[in-house]
Amino acid sequence: MDATAITLEKIRADVADVLGEEPADIPDDENLVDYGLDSVRIMTLLERWRRDHGVEVGFVDLAEKPALEEWAPLLGARA
């Protein structure tokens, strides 16, 4: 399967999915831990993005800066 490029909106939708929130309720600059994101959910997201989009970022990279605006460049998101 060819990995498709990930987008900021896909990242937002996936984060909202694991948090049980609406994508529109997840701001770019907010610390996602404040929304209930924990290490298990980060790993769930990371495995999904590795499988579906071929991302190669590590868990620590995401855990250190849990905000969409920080994750997008790490994950190689395109606009």
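## Exercises on charges and aromatic rings in a predicted model

Arg50 and Glu47 are both located in helix α2, three residues apart, about one turn of the helix. Helices (H or I, at least four residues) are DSSP runs, numbered from the N terminus. This is a predicted model, in which local features need pLDDT of at least 70, side-chain atom pairs count only at pLDDT 80 or more, and totals for chains, interfaces and linings use all residues. Residues are numbered from 1 along each chain as its sequence is written, and side-chain values use heavy atoms, with hydrogens and water left out.

**Exercise 1.** Determine how the side chains of Arg50 and Glu47 meet, and classify the accessibility of each residue.

*Solution.* Step one: the criterion for a salt bridge is a side-chain nitrogen of Lys or Arg within 4 Å of a carboxyl oxygen of Asp or Glu. Step two: Arg50 and Glu47 form such a salt bridge, at 3.0 Å from N to O. Step three: a residue is buried under 20% relative accessible area, exposed over 50% and partly exposed in between (1.4 Å probe, protein chains only). Arg50, with 33%, is therefore partly exposed, and Glu47, with 39%, is partly exposed as well.

**Exercise 2.** State how many salt bridges a search of the whole structure finds, and describe examples.

*Solution.* Step one: the search finds eight salt bridges. Step two: Glu9 pairs with Arg12, and their closest N and O atoms are 3.2 Å apart. Glu9 and Arg12 are separated by about one helical turn because they are three residues apart in helix α1. Arg12 has a relative accessible area of 11% and is therefore buried. Step three: Asp38 forms a salt bridge with Arg41, with 3.5 Å between the closest N and O atoms. Asp38 is found in the loop between α1 and α2. Asp38 is partly exposed at 32%, as is Arg41 at 31%. Step four: Lys10, Asp14, Asp17 and Arg48 are linked in a network of salt bridges.

**Exercise 3.** Find the aromatic pair in the structure and classify its geometry.

*Solution.* Step one: a pair of aromatic rings is described by the distance of the centres and the angle of the planes. Rings of Phe, Tyr and Trp (its six-membered ring) pair if their centres lie within 6.5 Å; planes under 30 degrees apart count as stacked, over 60 as edge-to-face and the rest as tilted. Step two: a search of the whole structure finds one aromatic pair. Its rings belong to Trp49 and Trp71; the centres are 5.9 Å apart and the planes stand at 80 degrees, so the pair is edge-to-face. Step three: Trp49 lies in helix α2 and Trp71 in helix α4 (residues 68-74), so the pair ties together parts that are 22 residues apart in sequence. Step four: Trp49 has 0% relative accessibility and therefore counts as buried; Trp71, also with 0%, is buried.

**Exercise 4.** Locate Asp34 and classify its accessibility.

*Solution.* Step one: Asp34 lies in the loop between α1 (8-19) and α2 (39-53). Step two: its relative accessibility is 59%, so Asp34 counts as exposed.

**Exercise 5.** Compare sequence separation with C-alpha distance for Asp38 and Pro66, and for Asp52 and Arg41.

*Solution.* Step one: Asp38 and Pro66 are 28 residues apart in sequence, and their C-alpha atoms are 9.6 Å apart in space. Step two: Asp52 and Arg41 are eleven residues apart along the chain, and their C-alpha atoms are separated by 16 Å. Step three: Asp52 lies in helix α2, and with a relative accessible area of 22% it is partly exposed.

Definitions and conventions
Helix = DSSP H or I, 4+ residues; strand = E, 2+ residues; numbered from the N terminus.
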